[in-house]
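Hi everyone, thanks for coming. Today I'd like to walk you through one protein model, step by step. Please have a look at it first.

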Amino acid sequence: MIIGHLNALPLAGLPPVLRAILERPDCSLTALIARDDGRWQPQGCPWFCHIGPAQTQPQAERHTEYHYLYADIQVVLAGEETIRAGMQSVAQVGDEERKPDLWIATGAQHPVSITLRSGDFAVFLPGEPHQALCAVNAPMTVRKAVFKVPRALLEV
């Protein structure tokens, strides 16, 4: 897990491929906020991004997820959320694959809790569990950009 702010990328310690994505002018906080909701994939790029609203919920109501094929870069554009995370695999036989490469873990405990606000981001590498969209004080709608970066780009 890596955390940072889009306006302070040199401080985040990102792998070069992830930093290169977030340093693109069309991935600046201003550009992402101005972009329409939906899937966005710049021409010729192997990564893509989903932008749109999501509802936070009490922590007890949120699932823990992980991915094998993609890294997530989750950027809060408006609102705030808490993300709970761990650095050890929670994958078990029988975990539900709710969508392609969206695995749901049950009973996961997380030692890390971070609160993200506009411009803040968290990176979850393949296999890293995370429980996103936990309400900070009360449930609210947040607007996020979630980049999906193929694992193969990180292994070059």
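A quick word on the ground rules. This is a predicted model, where local features need pLDDT of at least 70, side-chain atom pairs count only at pLDDT 80 or more, and totals for chains, interfaces and linings use all residues. Residues are numbered from 1 along each chain as its sequence is written, and side-chain values use heavy atoms, with hydrogens and water left out.

Let's begin with strand 6, which covers residues 80-85. When I say strand or helix, I mean a DSSP run numbered from the N terminus: H or I with at least four residues for helices, E with at least two for strands. Six of the six residues in strand 6 are buried, so this strand is largely enclosed by the rest of the structure. Buried here means under 20% relative accessible area, exposed means over 50%, and partly exposed is in between, using a 1.4 Å probe and protein chains only.

Which way do the residues of strand 6 point? Glu80, Thr82 and Arg84 go one way, while Glu81, Ile83 and Ala85 go the other.

Who are the partners of strand 6? It pairs with strand 9 (residues 112-117) in the antiparallel sense over six bridges, and Glu80 has Arg117 as its bridge partner there. Strand 6 also pairs with strand 11 (residues 130-134), again antiparallel, over three bridges, with Arg84 bridging to Gln131. To count as a pair, two strands need at least two bridges found by DSSP.

Now zoom in on Glu81. This residue is buried, with a relative accessible area of 0%. What does the side chain of Glu81 make a polar contact with? The side chain of Lys144, at 2.8 Å. The Glu81 side chain also reaches the backbone nitrogen of Leu133 at 2.6 Å. A polar contact is a pair of N or O atoms within 3.5 Å; within protein, one must be able to donate a hydrogen and the other to accept it, and residues adjacent in sequence count only if both atoms are side-chain atoms.

Leu133 itself is found in strand 11 and counts as buried at 12% relative accessibility. Leu133 has a positive phi of about 60 degrees, although it is not a glycine. Most residues other than glycine have a negative phi.

Asp101 has a positive phi of about 60 degrees too, and is not a glycine either. Where does Asp101 sit? In the loop between strand 7 and strand 8. Those two strands form a hairpin with two residues between them, and they pair in the antiparallel sense over three bridges. Glu96 has Ile104 in strand 8 as its bridge partner. Asp101 is buried, at 5% relative accessible area.

Last stop: the lining of the largest pocket. Strand 3 (48-55) gives the most to this lining, with six residues. By class, the lining has 10 nonpolar, five polar and eight charged residues. Nonpolar covers Ala, Val, Leu, Ile, Met, Phe, Trp, Tyr, Cys and Pro; charged covers Asp, Glu, Lys and Arg; the others, Gly among them, are polar.A pocket, on a 1 Å grid over the protein atoms alone, is an open set of points where a 1.4 Å probe fits, with protein on both sides within 12 Å along at least five of seven lines; lining residues have an atom within 4 Å of a point.
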